[in-house]
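Colleague: I would like to go through this model feature by feature. Please give the general idea each time, then the case at hand.

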Amino acid sequence: VLSPAAYLLVQLARPVIQRVLFGVVQDAFLRGDLPASSYALLIDRVLVNDGLPQRYGSQAYVRQRKLYLYPIEDPSGVDQRRRAIGLEPLTAYIRSLESLYGATYVP
């Protein structure tokens, strides 16, 4: 079982540690012990840190009150991938991020 505290340590760890422990996080998700949003955050974070496009569109950054998403692999299929693991559509997630950060999304 992956506790919330252990997951948080992995999520905030250096990229090399995230990659090493990715299998543990994936197993926890597949067992139902970890929410889909947490699983997607780690997958995307590992991909972005490796210079690759993210899968679920969970990684963004804000610069001068503008919100940007890191590149997404196959953007036309992102909502299908998000739905498959129980995430809200990307547009709804972006609205949440805009509200959270007081920023405007720039495609």
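Modeller: Start with strands: helices (H or I, at least four residues) and strands (E, at least two) are DSSP runs, numbered from the N terminus. Two strands pair if DSSP finds at least two bridges between them. This is a predicted model, in which local features need pLDDT of at least 70 and side-chain atom pairs count only at pLDDT 80 or more, while totals for chains, interfaces and linings use all residues. Residues are numbered from 1 along each chain as its sequence is written, and side-chain values use heavy atoms, with hydrogens and water left out.

Colleague: In which sense do β1 and β2 pair, and over how many bridges?

Modeller: Strands of a sheet pair through backbone hydrogen bonds, either parallel or antiparallel. Here β1 and β2 (residues 66–69) are antiparallel, with four bridges. Within that pairing, Lys66 of β2 is opposite Arg63. The two strands make a hairpin with two residues between them, and Gln64 in the turn has a positive phi of about 50°.

Colleague: What is the strand order of the sheet?

Modeller: The sheet is open, has three strands in the order β1-β2-β3, and its pairing is mixed. β1 and β3 are the edge strands, each pairing on one side only. The parallel part is β2 with β3, over two bridges; there Leu67 has Tyr105 in β3 as its bridge partner.

Colleague: Is Gln59 buried or exposed?

Modeller: Buried means under 20% relative accessible area, exposed over 50%, and partly exposed in between (1.4 Å probe, protein chains only). Gln59 has a relative accessibility of 9%, so it counts as buried. Gln59 sits in the loop between α3 (36–49) and β1 (60–63). Contact means heavy atoms within 4.5 Å; beyond its neighbours within four places in sequence, Gln59 has contacts that include Leu41, Asp44, Leu69 and Tyr70.

Colleague: Which side chain has a polar contact with that of Gln59?

Modeller: A polar contact is a pair of N or O atoms within 3.5 Å; within protein, one must be able to donate a hydrogen and the other to accept it, and residues adjacent in sequence count only if both atoms are side-chain atoms. The partner of Gln59 is Ser58, at 3.2 Å.

Colleague: Where does Gly102 lie?

Modeller: Gly102 is in the loop between α5 (90–101) and β3 (104–105). At 34% relative accessible area, Gly102 is partly exposed. Not counting residues up to four places away in sequence, Gly102 touches Arg65 and Leu97.

Colleague: How many salt bridges does the structure hold?

Modeller: A salt bridge is a side-chain nitrogen of Lys or Arg within 4 Å of a carboxyl oxygen of Asp or Glu. The structure has four. One of them joins Arg55 to Glu73, with the closest N and O atoms 3.5 Å apart. This pair links distant parts of the chain, 18 residues apart: Arg55 is in the loop between α3 and β1, and Glu73 is in the loop between β2 and α4 (78–84). Arg55 is partly exposed at 28%, and Glu73 is partly exposed at 28%.

Colleague: Which residue meets Asp74 in a salt bridge?

Modeller: Arg81 does, at 3.5 Å from N to O. Asp74 is partly exposed, with 45% relative accessibility, whereas Arg81 is buried at 16%. Another salt bridge joins Asp33 and Arg31, whose closest N and O atoms are 2.9 Å apart.
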